[in-house]
Amino acid sequence: ASGDEKELRAPICCILGHVDAGKTKLLDCIRGTHVQEREAGGITQQIGATYLPAENIRDRTSLKAETAIKVPGLLVIDTPGHESFSKMRSRGLSMCDVAVVVVDIMKGLEKQTVESLHLLRRHNVSFIVALNKVDRLYGWKECTNAPIVEALKKQSDDVKREYKWRLTKVVTDFKENGFNTAPYYENNKKKKVVNIVPTSAESGEGVPDLLLLLVRWLPDIITDKLAYDDTVECTVLEVNEHKDLGTTVDVVLINGVLRQGDQVIVCTKQGPVTTIIRDLLTPHPMKELKAKGAYKHHKEVRAAQGVKIVARGLQYAMAGTSLIVVKPGDDLRQAEAAAMQE
Ligand code: GTP
Ligand code: NA
Ligand code: MG
């Protein structure tokens, strides 16, 4: 890379959509995990965060080794689709650079799909549509992890017909909600017309296409948003009691670096709490931050990343608020006041 090219951080991608459209399952398919099967009632109830390194993404696509990926990876934020969690959806969206709206091809646009579209418009966030569950089309011939055009070619005329009319219906419904959409393989106005990627989270068709769009097409259209910046931007997801670590707080580090020993401020209902970061943990790549698995310890963590912070006094930190790093020379009182003002 030439010296004057700006360093890009990992884009943060929020997964949105109606309950049971297949958001978590799609992530499981990408990660090779089984998070969805273990969720109570099959319902996501918390925001999740998963780091996908560029090299793992490359493995899932047809990208040749010599083809550069401009971003170090992708940080994916899973959100709940159940109607009662609209606060978490807007929280997820407020920290992201791009979104994937998952639509069940058998159901078309549903209530929380439309709610997501309103949010996306309000925040002016670019998105891709994953038209999921194509394997449910009657008579679908499975082509595990195949690019979607290849998989569609292998289908019978009946399947192709059903696909075509369901797709047309979805495009019409998007139009009624004010968005022009097109299947990405026919879309030659990718910047203006929203891409639809047919997928199956069950057998993986279209998943390489979705990943490819996210790492190849996306960074070009939102380069400015992805410029790495030293100023820490960090949002609290949730507080956890860990049997060995004590109280920990899961955060999404949107920009900047967190270091062990950093003095940080979190917001609580009782006011600001200032504390020192004792440890920084991340799940292993391709693993969900909120899943109770093994963690890696770090002296410092660079954005974008989902991080578990170990420190005293975090138990009342409020989800959705910013975690502030106190820099040397900062006036602590002022920093605390600023933290609470948000
Ligand atoms: P919430 O987080 O609760 O909003 O749901 P979600 O959008 O994360 O959907 P989830 O991943 O929980 O999937 C819902 C159900 O649909 C599960 O039973 C999945 O196994 C199933 N499912 C998801 N994607 C597909 C798919 O592509 N094909 C088929 N056949 N089933 C799918
Ligand atoms: Na679900
Ligand atoms: Mg889910």
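Predicted model: local features only at pLDDT ≥ 70, side-chain atom pairs only at ≥ 80, totals over all residues.
Biologist: Why is Asn124 called exposed?

Modeller: Asn124 has 6 C-beta neighbours inside 10 Å. Residues are numbered from 1 along each chain as its sequence is written, while chains are lettered from A and ligands numbered from 1 in the order in which they are written.

Biologist: Where does Asn124 sit, then?

Modeller: In the loop between helix H4 (111-123) and strand E5 (126-132); helices (H or I, at least four residues) and strands (E, at least two) are DSSP runs, numbered from the N terminus.

Biologist: What makes the phi of Asn124 worth a remark?

Modeller: Asn124 isn't a glycine, yet its phi is positive, about 55°. Most residues other than glycine have a negative phi. Met286 also has a positive phi, about 70°, without being a glycine.

Biologist: And why is Met286 called partly exposed?

Modeller: Met286 has 18 other C-beta atoms within 10 Å, so it lands in the partly exposed class. You'll find Met286 in the loop between strand E13 (279-283) and strand E14 (295-298).

Biologist: How do you know that Val102 is buried?

Modeller: Count again: Val102 has 28 C-beta neighbours inside 10 Å, so it counts as buried. Val102 is part of strand E4 (residues 98-104), and its contacts (C-beta atoms, placed from the backbone, within 7 Å) include Ile15, Lys23, Leu26 and Ala130, leaving aside residues up to four places away in sequence.

Biologist: What makes a set of residues a nonpolar core?

Modeller: Its members are buried Ala, Val, Leu, Ile, Met, Phe, Trp, Tyr and Cys residues, joined through C-beta atoms within 7 Å. The largest one here has 95 residues, with Cys13, Leu74 and Ile77 among those having the most contacts inside it. Helix H7 (residues 207-221) supplies the largest share of this core, 7 residues. As for Ile77, its contacts include Ile12, Met95 and Val252, again skipping residues up to four places away in sequence.

Biologist: Which residues are joined by a cis peptide bond?

Modeller: Ala303 and Ala304, with omega at about -5°. Most peptide bonds are trans. Ala304 belongs to the loop between strand E15 (300-302) and strand E16 (305-310).

Conventions: Buried ≥ 20, exposed ≤ 12 C-beta atoms within 10 Å, placed from the backbone. Contact = placed C-beta atoms within 7 Å.
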